[in-house]
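Subject: Handover of a structure

Dear colleague,

Please find the sequence and structure below. A summary of the findings follows.

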Amino acid sequence: MVEGITAVGDKYQTGEFFLPDLAMGAEAFKAGIKILEPELFKLRKERESVGVIVLGTVAGDIHSLGKDIVATLLTAGGFEVHDVGVDVPIEEFTESVRTFKSGILGMSALMSTTIGRQRDVTKALKVEGLRGKVKVLIGGAATSDLWRKEIEADGWAATAVEGVKKAKQLLGVE
Amino acid sequence: MEKRTEILERLNKAVLDRDPTLTESTAKEALQKGIDPLEAI
């Protein structure tokens, strides 16, 4: 299904599809996930977790599709995923990292107006004394590897599949 | 019997066609045919 939703995204980028097409593609993807994910969780319980990750979309940003795909693929990849949702305040990110003792914090930001929150959260982790305990992985349409370097995050992923790969690399499990 | 790859192709096409009902039924079919949910995703 990732192949299908990626194709929908590509067609949107090239102007062949419009926003309603993208939304319907997302609905179709979610309809499939609703069926497949419970089975995936059953299988995951039988395997050992490869790591804990807190995942969310930053404050001011309500985009969820990319994050949801990443969450599903991370779960499929054996991670214990705590999805804290969209429009997540700084304090909720830091508190979740502390509560779940996560090895990775994944933050999504789709808009240039909201990517600054990724920097704010990274700074807050330092202030809270958590930065040395958690790797920061960022993604989203407005982000780049240059931005990752600027905010001193540990990893950046351009796609959901790459996000899983980077998460495993950051924890040294691949 | 329909090959696994063909079911997976239909699943991807259902998403590309933006058809939630077809995607849901094809996902159920994939599980019934013993396809790993990870592979289906």
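In chain A, strands E1(A) and E2(A) pair in the parallel sense over 7 bridges; strands count as paired if DSSP finds at least two bridges between them. Helices (H or I, at least four residues) and strands (E, at least two) are DSSP runs, numbered from the N terminus. Within this pair, A:Val52 has A:Glu80 of E2(A) opposite.

Please note that this is a predicted model, in which local features need pLDDT of at least 70 and side-chain atom pairs count only at pLDDT 80 or more, while totals for chains, interfaces and linings use all residues. Residues are numbered from 1 along each chain as its sequence is written, and chains are lettered from A and ligands numbered from 1 in the order in which they are written.

The sheet

The open sheet of chain A has 5 strands in the order E2-E1-E3-E4-E5, and the pairing is parallel. Strand E2 (79–88) and strand E5 (155–157) form the edges; each has a single partner strand, so one side of each lacks a neighbour in the sheet. From one strand to the next, the twist averages 20°. Strand E1 (residues 51–58) of chain A is largely enclosed by the rest of the structure, because 7 of its 8 residues are buried (20 or more other C-beta atoms within 10 Å of the residue's own; exposed means 12 or fewer, partly exposed in between, with C-beta atoms placed from the backbone). Strand E4 (residues 135–139) of chain A pairs with E5(A) in the parallel sense over 3 bridges, and A:Ile138 stands opposite A:Trp156 in E5(A).

Helix packing in chain A

Helix H3 (residues 65–76) and helix H7 (residues 160–170) of chain A have axes that come within 9 Å and cross at roughly 50°. Axes are lines fitted to C-alpha atoms, for helices over the stretch in contact, and angles run from 0 to 180 degrees between N-to-C directions. H3(A) and H7(A) are therefore oblique to each other (under 35 degrees counts as roughly parallel, over 145 as roughly antiparallel, 65 to 115 as roughly perpendicular and the rest as oblique). On H3(A), A:Gly66, A:Ile69, A:Val70, A:Leu73 and A:Leu74 meet A:Ala160, A:Val161, A:Gly163, A:Val164 and A:Ala167 of H7(A). This contact has 8 nonpolar, 2 polar and no charged residues (Ala, Val, Leu, Ile, Met, Phe, Trp, Tyr, Cys and Pro count as nonpolar, Asp, Glu, Lys and Arg as charged, and the others, Gly among them, as polar).

Helix H4 (residues 90–100) and helix H5 (residues 116–127) of chain A pack at an angle of about 45°, their axes 9 Å apart, which makes H4(A) oblique to H5(A). This crossing of H4(A) over H5(A) is right-handed. A:Glu95, in helix H4 of chain A, is partly exposed, with 15 other C-beta atoms within 10 Å.

The interface

In chain B, 18 residues are in contact with 23 residues of chain A (C-beta atoms, placed from the backbone, within 7 Å). Helix H1 (4–16), helix H2 (20–32) and helix H3 (37–40) of chain B each supply at least two residues of the side that touches chain A. The residues of that side divide into 11 nonpolar, 2 polar and 5 charged.

With kind regards

Key:
Contact = placed C-beta atoms within 7 Å. Left-handed = near helix turned anticlockwise from the far one by under 90°.
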